[in-house]
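The sequence and structure come first, and the notes follow.

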Amino acid sequence: MAEAKAGELMEKIVSLCKRRGFIFQSSEIYGGLNGFWDYGPLGTDLKRNVKEYWWNKMTRLRDDVVGLDATIIMHPRIWKASGHVDTFSDPMVDCKKCKARFRADQMHEIPCPQKPSKMASECDGEKTEARPFNLMFETVVGPIRSEENVAYLRPETAQAIFAQFKNVLETSRQKVPFGVAQMGKAFRNEVTPRNFTFRSREFEQMELEFFIKPDEAVEAICGRVAVPAGPGHPGEPQPDWGWQMWHQYWVEERIRFYEEIGLPRATLEEYWQKPEELAHYARATVDLLFKFPFGTQELEGIAARSDFDLSQHQRFCGKPMTVFDEELKAAWPKLAPAKQDELRERYYQARLKYLTKAGEPAEKAAQLARQDAEGLTKGYYVPHVIEPSAGVDRMALALLCHAYSEDQAPDEKGKLETRVVLRFHPRIAPIKVAVFPLLKNKPELVKKAKEVRDLLRPHLSVFYDEAGAIGRRYRRQDEAGTPFGVTIDFDTLGEKGPELQDTVTLRERDSMKQERVKIADLVAILTEKIR
Ligand code: ATP
C-alpha cells in the first residue's frame, strides 16, 4: 500500500517535471535514451541555483577553498592510478531466458521485463554468474582507433583535482589545510539506470577535496591531536584538528548546506559505513541519505580518504606530491627525541601499509616508507584528504520530491480545488517572483506591471504573466514553485485614493497570504526574503 502510494507520488512528480519543463527525457523525439535526461527551462534554473549556492558556500565565502574547472577527458593513466580501470565495476548478471541485464545486487528491486509482477531475482529464468562490468565510458582520442588511443569520459570529477594538486598549490598561495572544489559532468555506464534521474549515465557532481596534514604532523606542531568530543558541529577549524575533527566538520557543514536549501535534517539520514564496507584506504565514510519516495538513498558521500589518492599519482607519474610545511620543519627539532621516534615510527608504519597494499615489493615498500618518514622530520608529507562528493541531479531530485505537495485552495468562484505546489526554498526556486497585471486589457495596468517587472529584473529572476484569470496565474506559479507573486491592480493606479497609489499586493506561495506593499520597497523586501 505504502509502496503503491510512493509509486503514485513519483509518477506525479515525473509528470509535473515534464509538463512544467523541469526535466525531459533526452532525445525524446527518437524514443529517448535510457539513463540520459535533459533539463528544461525551470529545471535549468533550479540546477543552476543549487550549483551557485554550493559554489558560493564552498569557495567564495571561505578563505581556504579554491576552484578548478578541468577537462572531462584526461590522460588515461589517471584512471589507472585512481583504480578505476581495474576496479570501478558493478557485478552484472544476465537472464538467459529474457536476455535482460541486471546489477546482481539490485535484482531484488528490479522487475523482470517478461513478468513485471515479479522481481528479476524471483523470475524463473536461469541467471549467469555475476561478472564485473566496468562503468567507464570509453572513447578514442585522435584519428586512429587503436588500443593506445583509448581514453575515458571521467566517472568522477575528483581525480582532476588530485592531478592538478601541485599546480593549484603553487599558484593559489594556499597552505595545507586547504581545499579545491570542482563541479561538472561525470559519466558512468550504469548497468540499470533507474528511479528517474537518481541513477543516470550522465550526471553532474560537485566535489571538494580538502587537504589536511597527517595526524603525525599535527601532533608534532601542536603537541596534540584534537578528536571529536561528541556529535555535532565542532566549530571553527583549529590548528590541532586531526582527520577525525575535519571529517566531522565537513559532515556537519554539508548537513547545514542541505538545511539552507530547504532539506531539513529530519529528511536526511547519516549512514556511517561499517569497517568491512570501507574502501581499504578510507578511514571513515559517511553517506548522507535522503528519504526519496522510492526509498532512502545516497545524496552525497563524505569520505576520509587518507593520503591514498595523491600517493597513487605520485607513484604512477613519478613526480612528488609532497608539500613542504614550514611549521612542521620548525617544530620537529624542538620535540623530545622519544616523541620524534614515536611520530616517525607511526608515519613509517602508515606509509608502509599503504605501499604494501598498493603492491610494492616488501623491500621497496620498506625503503620508500623510510624515505617518507625521513621526509616528515624535515617538514615534508603527502597531504591527507577529506572528500565531500555530491550529485547535482540527485540533489535537484530530492528538492523536487521534498517540495511537491498538494493542498486545497479556492478557485475563481471560491470553490475549493486541489492545488499542486512546489514548496521550494526561495533560495533555490527557479523563478523568485511573478508579476501580474490584474487585467490584460487595461493598458495602464499592463504598463505599470511592466515597469515593476523591469524594476525587479536586475535583482532577481522574474516571470511576467498577463494571460488568463488571476487565480489561474497564481496556480501556474505555485506549480513552478515561485515563492512570491506581485499583482498590479486599480489601487496601484490610485483609483481608490492616493494612499494606495504605487502599492501592489505581494502574495506568498505557501500561506497564500497577501499584503499591500509600496513598489519602492519591493526590491528590498524581496531580496531580503530570498537571501
Ligand atoms: P551509488 O552507490 O548510488 O552508485 P556511489 O557511492 O558510487 O553512488 P560516488 O562515487 O560516491 O557514488 O559519487 C558521489 C555522488 O555522485 C553520489 O553521492 C551521487 O550524488 C552522485 N552520483 C553517483 N553516481 C550517480 C549516477 N549514476 N547518477 C546520478 N548521480 C550519481
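Predicted model: local features only at pLDDT ≥ 70, side-chain atom pairs only at ≥ 80, totals over all residues.

D502 belongs to the loop that runs between β21 (484–488) and β22 (503–508). Its phi is near 60°, a positive value, although the residue is not a glycine.

S27 is another residue that is not a glycine and has a positive phi, here about 55°. The loop between β1 (23–25) and β2 (37–39) holds S27. With a relative accessibility of 33%, S27 is partly exposed. Most residues other than glycine have a negative phi.

## A cis peptide bond

The peptide bond between V176 and P177 is cis, with an omega of about 5°. P177 is located in the loop between α6 (165–172) and β9 (178–187). Most peptide bonds are trans.

## The second largest pocket

The volume of the second largest pocket is about 640 Å³. Its lining consists of 19 residues, of which E109, P111, R194, N195 and F294 are the closest to the centre.

Which helix gives the largest share of the lining of this pocket? Helix α1 (residues 2–20) does, with six residues. By residue class, the lining of the second largest pocket has eleven nonpolar, five polar and three charged residues.

Key: Residues numbered from 1 in each chain as written. Heavy atoms only, no water. Helix = DSSP H or I, 4+ residues; strand = E, 2+ residues; numbered from the N terminus. Buried < 20%, exposed > 50% of the residue type's maximum accessible area, 1.4 Å probe, protein only. 1 Å grid on protein atoms, 1.4 Å probe; cavity = no way out; pocket = protein on both sides within 12 Å on 5 of 7 lines; lining within 4 Å. Points joined across faces, edges and corners; volume = space filled by probe spheres on them. Nonpolar A, V, L, I, M, F, W, Y, C, P; charged D, E, K, R; others polar.
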